[in-house]
Amino acid sequence: MLITQKKQLYDFGRRVFPLYLILLLLTSCGGNDGKFRIEGSFKGMNQGELYIYGINGNQQLDTISLARGEFKYQIALEEPTTMVIVFPNFSELPVFAEPGATVEINGDATHLKETKIKGTDLNKQMTAFRLQTAEMTPPEVIKTASQFIKDHPDSPVSLYLLRKHFILPVDADYRQARELAELMSKALPENEDLKALSQKLSGLQTLKTGEKIPSFSVTDINGKTVSSADLNAKANVIIVWASWNYESIYMLSQLQKMMGHYDNRLKVLLVSMDADVKDCRRILNRDSIKWSTICDGRFWESPILQKTGLSHLPDNLVFDSQGKVVDHSMNYQTMLETFDKMIE
């Protein structure tokens, strides 16, 4: 009887102990709760806020607070994504996020290219590229980025480099961008982010002077439908802006002051990069701006940006009453001079 009881206890222990051990390990390690964590510090930036958002539009704009140069941030993720940290001077730092992972960022706010990010293979890969190109000239960076993409066509780092160096720049070589995108498409035939970038490349072709903008129909923050056909004044402009981007707010406020001069000969459509419509409305109400405004929280994946190829902050696209592109990506003064020539 006693021997039987001992055997039962032994068998029970054999079954339960492995489960107990697993639970103990999960508890001691914190487990994989699906949250992505960032922690670290920046010299030369004692306190303040940084912005962070998901590059594919799935993760809305958020803030990271710094205290004594240090910070911690976490977000729940269901799948890997590329996030971008935006600094007060509008410099950006990509971070490759994975559910359950933790990365450590250490750098100097005055030398962001030398920032080191540890914790995952992709962030180590991006850090190596950043350090390699820190002292290079722009043409050398482009050449190195191109070679990296050719060597790693299936890497999310390559996807970021394609966007950063071959699609977003005003003077980007779209022919080279398309060649690299096609190379990556063979390695990543089902990648939705790559498909979106390829679509953006198609939209960028419309920015050529004399080409007609693609037709579109969108809904503004007041529920009003605005189409490309509605922008039929002598001069028309689509402006990309954000409540947290001073340069774009300045452009809007100055243009608002000039509207009495242009009257109904100029029509304006705004596309806000804000995640929250309330932030967008705050600026519009403060400056009494009445132009139709699109704010769908999808950032660069917004359908109107995909169609028109607008890809900067701030950015603008000017076209005539027939929808033909006159110019794009201009500074404020050049934009006014363009309006004057079109309206005179």
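A residue is called buried when its relative accessible area is under 20%, exposed when over 50%, and partly exposed in between (1.4 Å probe, protein chains only). The structure is a predicted model, in which local features need pLDDT of at least 70, side-chain atom pairs count only at pLDDT 80 or more, and totals for chains, interfaces and linings use all residues. Residues are numbered from 1 along each chain as its sequence is written, and side-chain values use heavy atoms, with hydrogens and water left out.

The chain has a mean pLDDT (the predictor's confidence in each residue, from 0 to 100) of 84, and 87% of its residues reach 70 or more.

Val141, Thr144, Ala145, Ser146, Phe148 and Ile149 are the buried residues of H3, and they pack against helix H2 (121-133), helix H4 (156-167) and helix H5 (174-187).

Turning to the loops, Asn245 lies between strand E11 (235-241) and helix H7 (246-262). With 1% relative accessibility, Asn245 is buried; leaving aside neighbours within four places in sequence, Asn245 contacts Phe90, Leu313 and Pro314. Phe90 itself sits in the loop between strand E5 (81-86) and strand E6 (92-97), and is partly exposed at 37% relative accessible area.

Definitions and conventions:
Helix = DSSP H or I, 4+ residues; strand = E, 2+ residues; numbered from the N terminus. Contact = heavy atoms within 4.5 Å.
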